[in-house]
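Subject: Structure handover

Hi,

Here is the structure to go with your sequence. Please open it alongside this note. My findings follow below.

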Amino acid sequence: MQEKKVENPANKTPKKTNLLDHNSIKHILDESVTEIVTSKGYPEDVRMSNIRLLIGAIIIVIAIFAQFYNKKFPENQNFLIGCIVLYPFSFA
């Protein structure tokens with residue numbers, strides 16, 4: 001069986017952040033919510049983040065192909081149009 005570790009909130013040190021920095025506040029809130037949810041026994045699901053990283057990698061590969069294609073602009077017009085058409089479909 002699993003043993004649940006119960007933490008005493010009095011033993012925790014409070015997290016400090018710059019109240020004028022919105023990104024810092026969001027980061028602290030995200031960390032706190034993640035700690036609370038995972039301490040309740042729910043596993044962290046990072047599937048959506050991995051899918052977004054894969055989509056970003058596909059977009060980067062399409063952009064690299066478009067940038068370093070061997071032919072110059074008037075000759076590679078059809079190839080560039082193909083890359084532009086593929087770009088929105090990589091978000092689907």
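Thr34 counts as partly exposed, because its relative accessibility is 33%. The classes use relative accessible area with a 1.4 Å probe and protein chains only: buried is under 20%, exposed is over 50%, and partly exposed is in between. Thr34 sits in helix α1. Its C-alpha atom is 7.9 Å from that of Glu44, 10 residues apart along the chain.

Two notes on the source. This is a predicted model, where local features need pLDDT of at least 70 and side-chain atom pairs count only at pLDDT 80 or more, while totals for chains, interfaces and linings use all residues. Residues are numbered from 1 along each chain as its sequence is written, and side-chain values use heavy atoms, with hydrogens and water left out.

Overall make-up. The protein chain has three helices and zero strands. The order along the sequence is α-α-α. Helices (H or I, at least four residues) and strands (E, at least two) are DSSP runs, numbered from the N terminus. Of the 92 residues in the protein chain, 8% are buried. The chain exposes about 8900 Å², and carbon and sulfur atoms supply 63% of that area. Accessible areas come from the Shrake-Rupley method with a 1.4 Å probe; for residues, only the protein chains shown count as cover.

Helix α1. This helix covers residues 22-39, which is 18 residues. At 1.5 Å a residue, it should span 26 Å, and its end C-alpha atoms are 26 Å apart, so the two agree. The expected span is 1.5 Å times one less than the number of residues. Just after α1, Gly41 takes a positive phi of about 105°.

Helices α2 and α3. Helix α2 spans residues 47-67 and helix α3 spans residues 77-89. Their axes come within 10 Å and cross at roughly 170°. The two are therefore roughly antiparallel to each other. Axes are lines fitted to C-alpha atoms, for helices over the stretch in contact, with angles from 0 to 180 degrees between N-to-C directions. Roughly antiparallel means over 145 degrees.

Which residues make the contact? From α2: Ile59, Ile62, Phe65 and Ala66. From α3: Phe79, Leu80, Cys83, Leu86 and Tyr87. Contact means heavy atoms within 4.5 Å. By class, there are nine nonpolar, no polar and no charged residues. Ala, Val, Leu, Ile, Met, Phe, Trp, Tyr, Cys and Pro count as nonpolar, Asp, Glu, Lys and Arg as charged, and the others, Gly among them, as polar.

Is Ile62 buried or exposed? At 14% relative accessibility, Ile62 counts as buried. Ile62 touches Cys83 and Leu86, leaving aside residues up to four places away in sequence. The C-alpha atoms of Ile62 and Leu86 are 8.0 Å apart.

Ile81 lies in helix α3. At 43% relative accessibility, Ile81 counts as partly exposed. The C-alpha atoms of Ile81 and Ala66 are separated by 9.5 Å.

Best wishes

Conventions. Parallel < 35°, antiparallel > 145°, perpendicular 65-115°, else oblique.
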